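Please look over the sequence and the model below. A short walk through some of its parts comes after.

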2 protein chains.
Amino acid sequence: MELSEQIRQVFSYADQHQEEHINRLREAVAIRSVSQQKEFRNETIRVVNHFKTILESLGATCQLRELGNEDFPDGTKAPLPPVLLGQLGSDTNKRTVCVYGHLDVQPALKEDGWNTEPFELIEKDGKLFGRGSTDDKGPVLAWINMIDSFKKCSIPIPVNLKFVFEGMEEAGSIGLHQLIKSLKSTFLKDVDYICISDSYWLGLSRPCITYGLRGNVYFYVEVECAKKDLHSGVYGGAVHEAMTDLVYLLSKLTDEKNGRIAIPGVMDQVRPFTNEERTLLESLDFDECEYREEIGTDKLRFGDKVNILAHRWRFPCLSIHGIEGAFFGPGSKTVIPQKVIGKFSIRLVPDQDPDDIAAKVIKYLNDEFAKLHSPNKFKVIKMKGSRPWLGDTNDTNYNAAKLAIKNVYGTEPDMTREGGSIPVTLTFQEVTGKSVLLLPIGSADDGAHSQNEKINRKNYIDGCKVFAAYLYFISIL
Amino acid sequence: MELSEQIRQVFSYADQHQEEHINRLREAVAIRSVSQQKEFRNETIRVVNHFKTILESLGATCQLRELGNEDFPDGTKAPLPPVLLGQLGSDTNKRTVCVYGHLDVQPALKEDGWNTEPFELIEKDGKLFGRGSTDDKGPVLAWINMIDSFKKCSIPIPVNLKFVFEGMEEAGSIGLHQLIKSLKSTFLKDVDYICISDSYWLGLSRPCITYGLRGNVYFYVEVECAKKDLHSGVYGGAVHEAMTDLVYLLSKLTDEKNGRIAIPGVMDQVRPFTNEERTLLESLDFDECEYREEIGTDKLRFGDKVNILAHRWRFPCLSIHGIEGAFFGPGSKTVIPQKVIGKFSIRLVPDQDPDDIAAKVIKYLNDEFAKLHSPNKFKVIKMKGSRPWLGDTNDTNYNAAKLAIKNVYGTEPDMTREGGSIPVTLTFQEVTGKSVLLLPIGSADDGAHSQNEKINRKNYIDGCKVFAAYLYFISIL
């Protein structure tokens, strides 16, 4: 199926007004909306208001929904950024698409190894570098650029649009799921399809549509040996050190030889790996050498495409992220840390359940700690948890997206899954009962959550076109 | 043996001028002379000049000895603070005592858990809180207060004094050992005794003299899995994570059940624990309950005084200090760190040798890493190393100190060893061939290297008296 002439006009407009669209991204990146660090909480509130102003300038009706306070472990509180709900069009003859995006970002410091200031959008070789450029300010702005292009061309948008933009995604979307549930019979009642652009292509050149996500469950393992940090010369030998217990416990989480999860029962609910899945994975446009090079390693856990993708998408994995409370700086400090908190998480796949996995992890670590007969204080805490998700790839929502990509890029999209969790996906599906689609516009090498995060100029501009074409096909299929 | 009337006059002066002496400490603490962090390098240079001015105002002849640059792992350089050499008196009829001290301090941030600003001296309940108050600006100033008190009373100091004050002790005394060697036949030629006050009493009330120190050897274990930090959702499962290897390797350093060092051969050169040593340890004024309470734990590695002290002083121990490169902040970051550097050190006792121990550690970790068949990059680096030391407790130097303590405190000192390393002790002894004495003035609960470091007002003022009496007995024994 082909695009209409009107949609082609919208494409031309987008091509001709790239600089304006990039300036929108520059303004958004400059807002340090880091949701995990409470000192930036004002910026996460500011970024929501910034996008409200933009949406209203394009004719949308907006409301801010307050979510109350976040309670921090140290006993302090801070207000959560409100959720921005927007609506553009209410023609009962049109279908209604609800777009979700997030306006907050991961922490970033130039000292972490960025080549440029993370909160300053800098273009180099067709790449737009900056924290949030691809996760997720760029994709949200591609929707906004799309609306702007329709408006400037005086062409009606072929569907009604609704927006749910939040400011806490990188910090667990506190309060959002409750809010979405509360909108079931009001704001979300007439929504037909849901579209989320907060993931990435599989490779560098062929677009994809994503129909599955892993869940996640995050743990803190806390060991305390003293009420203050101690000098290892003065106290070393007398104290049963917290770090000794912690590294031992962390070392028991995975098999040291192959990295497989060593916690009993955790693999029990993982669905068997089918031949159909194997065939699909074999067909995908994925270059394992390129992937290895991008990571910067000579050897991954697996050498072949099928295993690499299967272990990224449809098998669980465990990552140890770090230790809070231990010495972390450069140099050689001779400290015995008083209290250390090991942090790790497990990515979940169907049919694993976060609460069931958490119970197994907590039991296992308590058993292992008991074996040590350590005098130290010990605690495992389950932090955030989210379930895995799989969509139905043969409905109108997915078909419209496939046609949009075909028309913009001249190729069929790869049908992929993602290793990360976007818990809101599952919430939208469960609350509305409607199809949820993940339509990424960023490339595999964008480096979300990493140093030197970027979005390619071409992906950013073409993203706007894909969204326009997607809405067109939604309206005619 | 009793003190002379003149020395008693000096004591009275010190008692009556406490506020002046505390103001000297206030000024010194305010200088952020953190030697491990290169951003404070100018302050480590400033503190040396500050003490030069003070010594000169008291009539000493001073010189600054430059040590060149420090090379940092990132390829940058910074000038080392110079060493301050001072001389007061050159009467060939008097004995000459050389005093060593250091003017640099450990890192400190209020956020680390200090109740007050670390670089502001604040008195509460007779305790003078501030970074460097006891380690080692307070003891150095007690020497200076002693000289000032002699001068103000117009009483001649009974010995010639020499000073070696450095600004890099907490960062491995780079260049100092070479400098001391070079002074053997010049500045240090006529030195009879060496006195260092950079350790602590065993308990809270009875003073001690320290005749042994452990050595130390510090290691970095580096594992690298990628050229940048990775999102654990996007990459988790595909990558053989560096943290998995590192926590495994760190967990193999000690026996998880009792904290004993698990590296083959490391205990081979440890001298047998004799009955005499056991008897000495049993006699010491040490309250294991108080010690446990100060640390803030219900149970230590050992329950009895003899084992606690033996494992602090005369057995080696291994401490894992932390990990550089992993996530360390509060919150729940889902990162796979690209490169992690585990940091640990081993405290050494006679007759362990740092180079021999380092060879065993490096071989062991390389063997353990090889067993993992990991694709990651791996490296163990030996950083600083220092040998253990034992002095002869029956010479004039030690006898003068015993009498000084008896006269100031009315009690025999405990004869103790220390678990920490002061490598310069060994260097002074080897270069001069003379007796080195460790004469602490701070209390066991001072918290050197920890949050809320302090020196008691009483210890600070009495320290000045102990030094005066010590010099008197040196001159008459």
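The paragraphs that follow take up a sheet, a surface patch and a helix. The model is a predicted one.

Begin with the sheet in chain A. Three strands make up an open sheet in the order S6-S7-S20 (chain A), and the pairing is antiparallel. At its edges lie strand S6 (122-124) and strand S20 (454-456) of chain A, each of which pairs on one side only. From one strand to the next, the twist averages 25 degrees. Strand S7 (residues 127-129) of chain A is joined to S20(A) by three bridges in the antiparallel sense. For Leu128(A), the bridge partner in S20(A) is Ile455(A). Helix H14 (residues 457-476) of chain A packs on this sheet and touches S6, S7 and S20 of chain A. The direction of H14 is at about 65 degrees to that of S20(A).

Next comes the surface. Ile476(A) forms a nonpolar patch there with Met1(A) and Leu477(A), and together they have about 270 Å² of accessible area. Met1(A) sits in the segment before helix H1 (5-16) of chain A. Met1(A) counts as exposed because its relative accessible area is 56%, and exposed means over 50%.

Helix H10 (residues 305-313) of chain A is another case. Eight of its nine residues are buried, so H10 is largely enclosed by the rest of the structure. Among these buried residues are Lys305(A), His311(A), Arg312(A) and Trp313(A). What do the buried residues of H10(A) pack against? In chain A, their neighbours are helix H8 (275-283), helix H9 (288-295) and strand S18 (414-418). Chain B also takes part, through helix H6 (232-235).

Methods
Residues numbered from 1 in each chain as written. Chains lettered and ligands numbered in written order. Predicted model: local features only at pLDDT ≥ 70, side-chain atom pairs only at ≥ 80, totals over all residues. Heavy atoms only, no water. Pairing = 2+ DSSP bridges. Helix = DSSP H or I, 4+ residues; strand = E, 2+ residues; numbered from the N terminus. Axes fitted to C-alpha atoms, helices over the stretch in contact; angles between N-to-C directions. Contact = heavy atoms within 4.5 Å. Patch = residues over 30% accessible without salt bridge, like charges linked within 9 Å, V, L, I, M, F, W, Y side chains within 5 Å. Areas by Shrake-Rupley, 256 points an atom, 1.4 Å probe, with all protein chains shown as cover. Salt bridge = Lys/Arg side-chain N within 4 Å of Asp/Glu carboxyl O. Buried < 20%, exposed > 50% of the residue type's maximum accessible area, 1.4 Å probe, protein only.
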